[in-house]
Amino acid sequence: MKPRFGILVMVCVMAAGAVGTSTAQAASTSAPAPAPASVPARAAVQAEIFATNNTDQITDPADPRLRTRLIRFDREVRAVIRSHHAHVGNSRLLDGVFWSSELKKTTYERSREFDVNRVSADGLHHIAGVLAKQYHQGLTTAV
């Protein structure tokens with residue numbers, strides 16, 4: 001099974017009153033993406049992780065798999081985040097259309113957005129890598 005881009009990590013770095021920004025990066029599931037040079041590795045971050053457990057290509061927007069509430073997935077991801085000593089906030093259910101440049105196809109997906117706090121940039125990237133590996137997804141990081 002080929003990994004797809006299903007785990008997206010959005011990071012806002014709050015250090016000395018400044019917000020760090022950078023362009024999006026992509027990494028394989030075998031190793032978490034390194035923090036960009038503008039992001040201090042040990043700075044506490046406020047972040048969002050967009051994640052799905054779907055690995056199917058869903059091309060029909062009326063597909064019944066898109067009606068799932070991902071409740072068990074929500075609990076599993078929260079447990080992973082907490083087990084890595086980060087604080088997980090709200091989780092929101094999302095509908096999306098994703099493009100896989102590797103497969104040259106679009107797919108409809110149901111996913112969740114998780115607020116993550118009290119974690120370093122390195123810790124966040126590690127959590128995202130764990131989730132990507134666990135759910136057979138790719139990893140994209142935007143700071």
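**I127 touches I49, V80, I81, H84, A86 and V119, leaving aside residues up to four places away in sequence.** Touching here is a contact, that is, heavy atoms within 4.5 Å. What you're looking at is a predicted model, where local features need pLDDT of at least 70 and side-chain atom pairs count only at pLDDT 80 or more, while totals for chains, interfaces and linings use all residues. Residues are numbered from 1 along each chain as its sequence is written, and side-chain values use heavy atoms, with hydrogens and water left out. I127 is one of the buried residues of helix α2, where buried means under 20% relative accessible area, exposed means over 50%, and partly exposed is in between (1.4 Å probe, protein chains only).

**The whole fold, for orientation, has two helices and seven strands.** Both kinds of element are DSSP runs numbered from the N terminus: helices are H or I with at least four residues, strands are E with at least two. Of the 143 residues, 41% are buried. Take the contacts with a separation of 6 or more: 77% of them join residues 24 or more positions apart. The protein exposes about 7700 Å², and carbon and sulfur atoms supply 55% of that. Such areas come from the Shrake-Rupley method with a 1.4 Å probe; for residues, only the protein chains shown count as cover.

**In the largest nonpolar core, 17 residues come together, and I81, V116 and I127 touch the most other members.** A nonpolar core is a set of buried Ala, Val, Leu, Ile, Met, Phe, Trp, Tyr and Cys residues joined through side-chain atoms within 4.5 Å. Strand β4, helix α1 (71–83), strand β6 (105–120) and helix α2 each supply at least two residues of this core. Helix α1 gives the most, with four residues. In soluble globular proteins, nonpolar side chains tend to be buried together.

**Helix α2 runs from residue 121 to residue 134.** Its 14 residues reach 20 Å from the first C-alpha to the last, close to the 20 Å expected at 1.5 Å a residue (the expected span is 1.5 Å times one less than the number of residues). Its buried residues are A121, L124, H125, I127, A128, G129, L131 and A132. Just after the helix, look for H136, which takes a positive phi of about 55°.

**Strand β4 covers residues 44–51, and A51 is found in it.** I49 also belongs to β4. I49 counts as buried because its relative accessibility is 0%; A51 is buried too, at 1%. A51 and L139 are 88 residues apart in sequence, yet 9.6 Å apart in space, C-alpha to C-alpha.

**A network of salt bridges links D56, D63 and R65.** A salt bridge is a side-chain nitrogen of Lys or Arg within 4 Å of a carboxyl oxygen of Asp or Glu. Side chains of opposite charge can pair when their charged atoms come close. R65 meets D56 at 3.0 Å, N to O, and its closest N and O atoms with D63 are 2.7 Å apart. D63 is buried at 13% relative accessibility, whereas D56 is partly exposed at 35% and R65 is partly exposed at 40%. The structure holds seven salt bridges.

**Inside helix α1, D74 and R78 sit four residues apart, about one turn of the helix.** They form a salt bridge, with the closest N and O atoms 3.2 Å apart. D74 is buried, at 14% relative accessible area, and R78 is buried, at 18%.

**Ring pairs link F73, F114 and Y135 into a cluster.** Rings of Phe, Tyr and Trp (its six-membered ring) pair if their centres lie within 6.5 Å; planes under 30 degrees apart are stacked, over 60 edge-to-face and the rest tilted. The structure holds two aromatic pairs. The ring centres of F73 and F114 are 6.3 Å apart with planes at 65°, so this pair is edge-to-face. It links distant parts of the chain, F73 in helix α1 and F114 in strand β6, 41 residues apart. F73 and Y135 are edge-to-face as well, at 4.9 Å centre to centre and 80° between the planes. Since Y135 lies in the loop between α2 and β7 (137–142) and F73 in α1, this pair ties together parts 62 residues apart in sequence. F73 and Y135 are both buried, and F114 is buried at 0% relative accessibility.
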